[in-house]
Amino acid sequence: MKHLFIILAGLTLFTSSCTQRKTGGATVRTVKADTVRMYGEKPNISFPGKVKAASDVNLAFRISGPIAKIHVEEGRRVRKGQILVEMDSRDYAVQLDATEAEYRQVKAEAERIIALYEKNGVTANEHDKAVYGLRQITAKYEAHRNALADVNLYAPFDGYVQKRFFEANETVGAGTPVISMISTGVPEVEINISSSDFIRRDRFESFSCTVDIYPDRKFPLELIGITRKANLNQLYAMRLRMKEEAKQMPAPGMAAMVNIVLKPEHTARVNIPLSAVFEINSASTVWIYRSDTQTVESRTVRTGTVLTDGTVTVIEGLQAGETVVTAGAHSLHEGERVKLLPAVSPTNAGGML
């Protein structure tokens, strides 16, 4: 027991020496302090997202019919304007030939009646019928000509074929997806944000993302748009585009982490650790450290909201850049000389002082 008492006494003496030092017979306390920071100082928020192609479309014919030939395989790179799929054109070619013959006949008859009308050779009623008949057959002829042109399905942009939904000799209806394509342009990133973030979207200042496969790279982003209606999970979809196109870019489908920097709020409020605040006569008070005299002085402040990170906003009484005592405040006295606790070195993290 005697040895235990000696050890405990030694530890007590060692601990006391870490918090108090004597200078000329006066005890100088060592206190922990922190710098007063402006409230809302460009905080960051992060969201998981997914890389998407700039364009991801399902291509379909505007007409119905059997597929004659498919020119591309899945995964194949294609150029804008390249033929991807051909439809059997026989029925549409016959249809156009018949309509063209009718068009030429009606057109010749209408032109004859219009010429006679100018010479007062026919009535106005006959003239109007000829004009309307010509318009009708012209529209029909143009529609059938377009239908024949639509038997070929072309690539709308440079990209890759993702999937083929049909094979040759199968019949497809108008508007039924036949080929799925993605573009080769600069990729985009899509995230979902909560309603609390949606209402402060005007404070979004800059955007960037990281991708696991490129851990040492940060890709700058630009905002494309945010949906104005929440989905079933009460989240708002937000789309962003990568600003720069490099040799190595994330591919569609990769997971990404998007970081958004917010603009600081225009306010005079500051933030300090909650442990720095104590009460004197029911008034919130802090100890201000004066570096010129190495002493502390009390100051009454008006506090605001206690935040989830262990800090509290101060509405009045403090300015950004001042130093407040954050530990040992209850044992200090007005004008007392103190010594600030030095910052812990990263190489001594968790070690003894």
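Close-up 1. Tyr-92 has a relative accessible area of 16%, so it counts as buried (buried is under 20% relative accessible area, exposed over 50%, partly exposed in between, with a 1.4 Å probe and protein chains only). This is a predicted model: local features need pLDDT of at least 70, side-chain atom pairs count only at pLDDT 80 or more, and totals for chains, interfaces and linings use all residues. Residues are numbered from 1 along each chain as its sequence is written, and side-chain values use heavy atoms, with hydrogens and water left out. Tyr-92 sits in helix α2 (helices are DSSP runs of H or I with at least four residues, strands are runs of E with at least two, and both are numbered from the N terminus). Which residues does Tyr-92 contact, leaving aside its neighbours within four places in sequence? They are Ile-63, Ser-64, Met-87, Ala-147, Leu-148 and Val-151 (contact means heavy atoms within 4.5 Å). Asp-150 is 58 residues from Tyr-92 along the chain, yet their C-alpha atoms are separated by 9.6 Å.

**Close-up 2. Helix α2, residues 90-118.** The 29 residues of α2 should span 42 Å at 1.5 Å a residue (the expected span is 1.5 Å times one less than the number of residues). The end C-alpha atoms are 42 Å apart, which agrees. Buried residues of α2 are Tyr-92, Leu-96, Thr-99, Tyr-103, Ala-110 and Ile-113. An α-helix has 3.6 residues a turn, so residues three or four places apart point the same way. The cover over the buried residues of α2 includes β8 (83-87) and α3 (124-149).

**Close-up 3. The packing of α2 and α3.** These helices, α2 and α3, pack at about 155 degrees, with axes 8 Å apart (axes are lines fitted to C-alpha atoms, for helices over the stretch in contact, and angles run from 0 to 180 degrees between N-to-C directions). So α2 is roughly antiparallel to α3 (over 145 degrees is roughly antiparallel, under 35 roughly parallel, 65 to 115 roughly perpendicular, and the rest oblique).

**Close-up 4. Asn-120, in the loop between α2 and α3.** Is Asn-120 buried or exposed? Asn-120 is exposed, with a relative accessible area of 71%.

**Close-up 5. Asn-169, in the loop between β10 (159-164) and β11 (171-172).** Asn-169 has a positive phi near 80 degrees, and it is not glycine. At 67% relative accessibility, Asn-169 counts as exposed.
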